[in-house]
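Work through the exercises below with the sequence and the model at hand. Each task comes with a worked solution.

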Amino acid sequence: MENKYENIVVFIEQRDGEIQKVALEIIGKARELAEKLNCKVIGALIGYNIKAKAQDVIAYGADEVAVVDNKLLEHYATEPYTKAVVKVIETLKPDIALYGATAIGRDLAPRVSGRIPTGLTADCTKLEIEEGTNALLMTRPAFGGNLMATIISTGPRPQMATVRAGVMKAMKRDDSRKGEIIEIDAGLTDADMNVKILEVVKGENKSVDISEAKILVSGGRGIGKKENLSMLRELADELGGEVSVSRALADAGYAEKALQVGQTGKTVHPNLYVACGISGAIQHLAGMEDSDFIIAINKDNTAPIFDVADLGIVGDLTKIVPKLTEAIKKYKAENAVK
Amino acid sequence: MKIIVCMKQVPDTTEVRIDPVTNTLIRDGVPSIINPDDKAGLEAALTIKEQVGGTVTVVSMGPPQADVALREALAMGADEAYLITDRKFGGADTIATSYTISSAIKMLDYDLIIAGRQAIDGDTAQVGPQIAESLGLPQVSYVERIEKIEEDKITVRRQFEDRYQIVEVKLPCLITTLSELNEPRYMSVAGIFGAYREKEVKKVTFEEMKEYVSEERLGLKGSCTKVKQSFPKQAKGKGTVHEVSEDEAVEIIMAKLIEKNLI
């Protein structure tokens with residue numbers, strides 16, 4: 001029994017007790033992998049006063065939830081979280097451990113991998129089980145998205161990966177699902193808190209997380225002046241989405257860096273990406289080409305953005321965008337549920 | 001304050017293209033640069049040195065050509081440079097890389113280690129935290145601002161998707177920096193002369209390290225992951241492009257939005 005590694009553990013990222021979407025997406029994927037491996041999906045829910053959320057993790061597809069609940073886990077800090085996750089892994093001996101490739105997951109998972117020590121594959125966009133060997137195939141972009149690499153773990157178990165947000169699909173919530181909740185004591189002491197969190201400031205840094213947005217209206221150099229961002233805002237509001245920008249606009253100070261899409265900004269994968277006046281430098285494309293549906297509006301019919309666009313419009317965005325906003329408004333008014 | 005900066009020389013991925021015929025990466029003629037997040041880390045180190053005094057030592061693992069990147073760091077103002085280089089170190093994944101670098105760092109003296117958050121060729125963000133783990137140091141990653149540096153501690157602003165934390169951490173520790181932390185300085189002319197005439201890049205090979213490392217944890221052999229296959233990203237099927245009047249354009253877009261259930 002001691003040497004048997006089985007099941008899939010998914011780190012359930014939460015902030016302020018709110019489970020992050022990425023964790024549910026990975027649970028959804030893990031569910032698929034578990035069907036192939038004929039094993040269980042176990043959420044690792046780590047935080048403070050967090051146990052009540054375990055049922056949510058089960059409703060989204062976990063078979064069991066391991067809970068580590070401790071005051072020291074109230075805010076994310078590397079060492080207490082690392083210790084908690086390592087304890088969960090030592091206790092449950094999973095074959096696979098998955099984390100969101102977020103600012104927390106990408107801090108935590110490498111630290112865990114170093115402590116075990118075992119391999120870790122970053123920022124995966126695809127996970128599969130290899131026929132025959134049952135090995136986890138982890139596929140990720142490299143070289144700024146120019147190349148994809150499929151990686152396998154050759155180190156000790158578990159096979160570990162961080163998974164990009166917005167790529168996997170969460171299951172539909174099903175409150176009739178039942179599962180066991182296991183409480184684990186990670187033996188944390190005050191000494192584990194080796195940093196002092198003086199202040200936590202929410203929202204101010206990033207009012208909008210564009211990587212979570214379902215619809216993005218994105219502006220590039222072609223919008224001309226800064227004031228034209230407001231017409232993108234109006235379109236985004238009408239579509240129920242957010243505004244993002246290319247690097248050119250972030251560098252010019254038209255918008256904050258947090259709204260920048262691309263290799264040095266955020267990777268986004270909304271259902272709809274409307275690129276307005278964005279020529280489509282490869283670094284930009286690397287950050288948005290996985291969007292489900294891409295509409296590009298650009299004056300230059302040779303712009304590379306048209307190579308990735310599902311629908312390209314050659315024209316003046318400053319004329320088209322306001323008309324489109326009006327058309328959507330009209331359509332919505334006509335089709336409103338009365 | 002003794003500061004070590006971990007740096008990587010990377011191909012400028014913004015210049016990397018795919019050969020449309022062979023479907024492979026074209027790396028010829030692609031310039032090598034200091035990884036942007038690391039360069040911000042170096043700038044931060046130089047700024048701290050200006051504020052409180054001390055030394056800045058840059059450490060890089062890579063092929064002999066990485067010498068150029070370390071000379072650039074020296075020309076920017078770093079005091080010492082070490083190139084960890086040996087065929088035995090080649091083919092390393094992040095676990096083997098961090099083991100090798102941390103073993104070399106153990107031979108040096110430090111109060112603070114700064115690494116860039118991630119390299120633009122691999123984008124893993126793993127080596128910094130793994131070095132910290134190897135050395136048993138506290139870490140703060142995703143540092144977007146350095147608030148305060150004191151004799152025995154540093155206070156930084158740590159970025160998350162929806163918030164930031166102001167974190168105080170005792171030295172010695174490791175932080176990883178974001179490129180938006182600062183605007184790295186240029187090399188000075190005197191700095192460039194100095195980097196090639198007065199300063200040297202010290203090579204650290206297996207020979208120098210062999211008493212401190214287990215050979216089976218180095219390079220390809222010491223890696224815990226393996227690339228099974230790599231392939232160029234599949235281009236998405238080409239969509240349609242329309243050069244029509246504005247009203248027609250709006251009609252075409254509306255039809256698609258309705259069809260795709262997006263409004």
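**Exercise 1.** Locate A:Leu311 and list what surrounds this residue.

*Solution.* 
Step 1: Find the element. A:Leu311 sits in strand β18 of chain A, residues 311–314. Helices (H or I, at least four residues) and strands (E, at least two) are DSSP runs, numbered from the N terminus.
Step 2: Note the source. The model is predicted: local features need pLDDT of at least 70, side-chain atom pairs count only at pLDDT 80 or more, and totals for chains, interfaces and linings use all residues. Residues are numbered from 1 along each chain as its sequence is written, chains are lettered from A and ligands numbered from 1 in the order in which they are written, and side-chain values use heavy atoms, with hydrogens and water left out.
Step 3: Check burial. A:Leu311 has a relative accessibility of 1% and counts as buried. Buried means under 20% relative accessible area, exposed over 50%, partly exposed in between (1.4 Å probe, protein chains only).
Step 4: Collect contacts (heavy atoms within 4.5 Å). Neighbours within four places in sequence are left aside. From chain A come A:Phe293, A:Ile294, A:Ile295 and A:Ala296. From chain B come B:Thr240, B:His242, B:Ile252, B:Ile253 and B:Lys256.
Step 5: A:Phe293 is 18 residues away along the chain, and its C-alpha atom is 8.2 Å from that of A:Leu311.

**Exercise 2.** Is B:Ile48 buried or exposed, and which residues does B:Ile48 contact?

*Solution.* 
Step 1: B:Ile48 belongs to helix α1 of chain B, residues 36–52.
Step 2: The relative accessibility of B:Ile48 is 2%, so B:Ile48 is buried.
Step 3: Leave aside neighbours within four places in sequence. The contacts of B:Ile48 are then B:Ile3, B:Gly53, B:Leu112, B:Ile146, B:Ile149 and B:Ile154.
Step 4: For a distance, take B:Ala78, 30 residues apart from B:Ile48 along the chain. Their C-alpha atoms are separated by 12 Å.

**Exercise 3.** Describe the cover of helix α4 of chain B.

*Solution.* 
Step 1: Name the buried ones: B:Gly128, B:Pro129, B:Gln130, B:Ile131, B:Ala132, B:Glu133 and B:Leu135.
Step 2: Identify the cover. It includes α4 (105–115) of chain A. Chain B contributes β1 (2–7), α3 (94–105), β8 (112–116), β9 (139–149) and β12 (173–177).
Step 3: Look past the helix end. B:Gly136 follows α4(B), with a positive phi near 65°.

**Exercise 4.** Find the backbone details at A:Asn38, A:Asn49, A:Pro158 and B:Pro172.

*Solution.* 
Step 1: A:Asn38 is in the loop between α1 (21–37) and β4 (41–47) of chain A. Its phi is positive, near 55°, and the residue is not a glycine. A:Asn38 is exposed at 71% relative accessibility.
Step 2: A:Asn49 is in the loop between β4 and α2 (54–59) of chain A. Its phi is also positive, about 55°. A:Asn49 is exposed at 61%.
Step 3: The peptide bond from A:Arg157 to A:Pro158 is cis, omega near 0°. A:Pro158 falls in the loop between β10 (147–153) and β11 (159–163) of chain A.
Step 4: The bond from B:Leu171 to B:Pro172 is cis, omega near -5°. B:Pro172 falls in the loop between β11 (163–170) and β12 of chain B.

**Exercise 5.** Where is A:Asn228, and what does A:Asn228 touch?

*Solution.* 
Step 1: The loop between β14 (215–219) and α5 (229–239) of chain A holds A:Asn228.
Step 2: Its relative accessible area is 12%, so A:Asn228 is buried.
Step 3: Residues up to four places away in sequence are not counted. A:Asn228 touches A:Ile223 and A:Thr318.

**Exercise 6.** Summarise the build of chain A.

*Solution.* 
Step 1: Chain A has 9 helices and 18 strands.
Step 2: Its radius of gyration is 22 Å, close to the 20 Å that the globule rule gives for 338 residues, so chain A is as compact as a globular protein of that length. The radius is taken over C-alpha atoms; the rule is 2.2 Å times the number of residues to the power 0.38.
Step 3: Of the 338 residues, 60% count as buried.
Step 4: The domain assignment, automatic or from a database, gives domain 1 (8–192) and domain 2 (210–334). The contact between them takes 7 residues from domain 1 and 7 residues from domain 2. Their C-alpha centres lie 33 Å apart.
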